[in-house]
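User: Can you walk me through this model? I'd like to start with how the elements are named.

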Amino acid sequence: MSSRTVNCVKLGLESPGLEQPPFPGELGQQIYEQVSQEAWDSWVNDWMIKVINEYRLNMAEDKDYFALVDHMKEYFNLQAEPGESS
């Protein structure tokens, strides 16, 4: 478990953070800085699967991948990256 803590945007608590960004880029860094390990695990192990199944997303399709990313941002209450349209 990580010794670093974050003020988790999902849980609203100071909680142990991720060991490293979940993926490269600005969004991965934003998640690393603002999302706790507990909230990330909840997304990956439960909510992400529900979204994929509910919307019948095909992760081989770019549009479906980006739809999942949009749902993830909404789940974590993350703002759009600078220059990105909402």
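Analyst: Helices are DSSP runs of H or I with at least four residues, strands are runs of E with at least two, and both are numbered from the N terminus. In that numbering, Gln-30 sits in helix 1. Keep in mind that this is a predicted model.

User: Is Gln-30 buried or exposed?

Analyst: Gln-30 is buried, because its relative accessible area is 16% and the cut-off for buried is under 20%.

User: What is Gln-30 in contact with, leaving aside neighbours within four places in sequence?

Analyst: Leu-78 and Gln-79.

User: Back up a bit. How many helices and strands are there in the protein?

Analyst: Three helices and two strands. Starting at the N terminus, the order is β-β-α-α-α.

User: And what percentage of the residues is buried?

Analyst: Of the 86 residues in the protein, 31% are buried. The accessible surface is about 5800 Å², and carbon and sulfur atoms account for 49% of that.

User: Which residues touch the most other members in the largest nonpolar core?

Analyst: Ile-31, Trp-40, Trp-43, Met-72 and Phe-76, in a core of 18 residues. Helix 1, helix 2 and helix 3 each contribute at least two residues to this core. Helix 2 has the largest share, with five residues.

User: Take Trp-43. What is it in contact with, leaving out neighbours within four places?

Analyst: Trp-43 contacts Met-48, Val-51, Leu-68, His-71, Met-72, Tyr-75 and Phe-76.

User: Which of its residues are buried?

Analyst: In helix 3 the buried ones are Asp-64, Leu-68, Val-69, Met-72, Lys-73 and Tyr-75. The buried residues of helix 3 pack against helix 1 (26-34) and helix 2 (37-54).

User: Where is Arg-56?

Analyst: In the loop between helix 2 and helix 3. Arg-56 has a positive phi, near 50 degrees, and is not a glycine.

User: Buried or exposed, that Arg-56?

Analyst: Arg-56 is exposed, with a relative accessible area of 74%.

User: What follows helix 3?

Analyst: Asn-77, with a positive phi near 55 degrees. Asn-77 is not a glycine either.

User: Last topic, the surface. Which residues form a nonpolar patch there?

Analyst: Met-59, Tyr-65 and Phe-66, which together have about 300 Å² of accessible area. Phe-66 is in helix 3, while Met-59 is one of the residues in contact with Asp-64.

User: And among contacts between residues at least 6 apart, what share joins residues at least 24 apart?

Analyst: In this protein that share is 44%.

Definitions and conventions: Residues numbered from 1 in each chain as written. Predicted model: local features only at pLDDT ≥ 70, side-chain atom pairs only at ≥ 80, totals over all residues. Heavy atoms only, no water. Buried < 20%, exposed > 50% of the residue type's maximum accessible area, 1.4 Å probe, protein only. Contact = heavy atoms within 4.5 Å. Core = buried A, V, L, I, M, F, W, Y, C linked by side-chain atoms within 4.5 Å. Patch = residues over 30% accessible without salt bridge, like charges linked within 9 Å, V, L, I, M, F, W, Y side chains within 5 Å. Areas by Shrake-Rupley, 256 points an atom, 1.4 Å probe, with all protein chains shown as cover. Salt bridge = Lys/Arg side-chain N within 4 Å of Asp/Glu carboxyl O.
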